[in-house]
Amino acid sequence: MIDFKSSETAKNLMRAFAGESQARNRYTLAAGKAKRQGLFVIESVFLFTAEQERAHAQVFYDYLKDLKGQNIQIDGAYPVDQYESSLDLLKAARHNEYEEFQDVYQSFGRIAREEGFAQIAGAFFQIADIEKVHGDRFQLFANYLEKNQLFVSEVETGWMCLNCGFVFSGTKAPASCPVCSHEQGYFIRLELAPYIQ
């Protein structure tokens with residue numbers, strides 16, 4: 001086994017920590033843009049995912065605790081997703097999540113396994129699978145938004161108000177919630193609450 005301090009795995013953990021931390025911030029910023037556009041369901045999806053990215057960052061950071069008080073020099077490429085539309089932000093987020101799933105964390109996991117850090121390798125592979133779920137979720141909401149079907153369905157379906165939980169059945173979410181008066185942007189297809197496929 002390679003000494004952890006001088007391992008590529010330690011550097012990859014710091015890269016992953018940096019990447020997850022930045023993803024959390026990007027998604028929090030994207031949520032603010034979605035909110036300003038009246039797309040509160042998209043805001044909620046971004047915030048929901050941002051919190052999971054925070055949890056991923058903590059997993060990676062916790063593996064570095066034996067190096068406390070030290071600095072780890074890393075290099076890396078990180079995305080600049082400065083888009084105004086929620087659709088573009090969803091598409092960029094999807095791309096980044098799939099890249100982590102398919103390339104980045106698979107590579108980090110293989111290196112950790114080769115260096116003798118099986119538990120860390122497992123974390124990289126498991127979090128990679130979660131990133132695929134994130135990418136799929138972003139793709140799903142991007143599809144609905146792009147097809148103007150975020151609040152309209154071709155068949156009768158359930159719609160839940162994310163503010164109060166009121167459920168309505170129909171082909172279109174109500175213009176406003178009859179219980180709490182929140183606008184249509186708070187409604188989500190019932191089968192997607194809370195943001196699952």
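This is a predicted model: local features need pLDDT of at least 70, side-chain atom pairs count only at pLDDT 80 or more; totals for chains, interfaces and linings use all residues.
1. Ground rules. Local features need pLDDT of at least 70, side-chain atom pairs count only at pLDDT 80 or more, and totals for chains, interfaces and linings use all residues. Residues are numbered from 1 along each chain as its sequence is written, and side-chain values use heavy atoms, without hydrogens and water.

2. α1 against α2. Helix α1 covers residues 8–36. Helices here are DSSP runs (H or I, at least four residues), numbered from the N terminus. The axes of α1 and α2 come within 8 Å and cross at roughly 165°. Axes are lines fitted to C-alpha atoms over the stretch in contact, with angles from 0 to 180 degrees between N-to-C directions. The pair is therefore roughly antiparallel (over 145 degrees). The crossing is left-handed (near helix turned anticlockwise from the far one by less than a right angle).

3. α2 against α3. Helix α2 (residues 40–62) packs on helix α3 (residues 86–114) at about 25°, with axes 12 Å apart. So α2 is roughly parallel to α3 (under 35 degrees). This crossing, too, is left-handed. From α2, the contact (heavy atoms within 4.5 Å) uses I42, F46, E53 and F60. From α3 come S86, L89, L90, A93, E97 and Y105.

4. α3 itself. The helix bends by about 45° at E100. The bend is the angle between axes fitted to the seven residues ending there and the seven starting there. G116 follows α3, with a positive phi near 95°.

Conventions
Helices (H or I, at least four residues) and strands (E, at least two) are DSSP runs, numbered from the N terminus. Angles under 35 degrees count as roughly parallel, over 145 as roughly antiparallel, 65 to 115 as roughly perpendicular and the rest as oblique.
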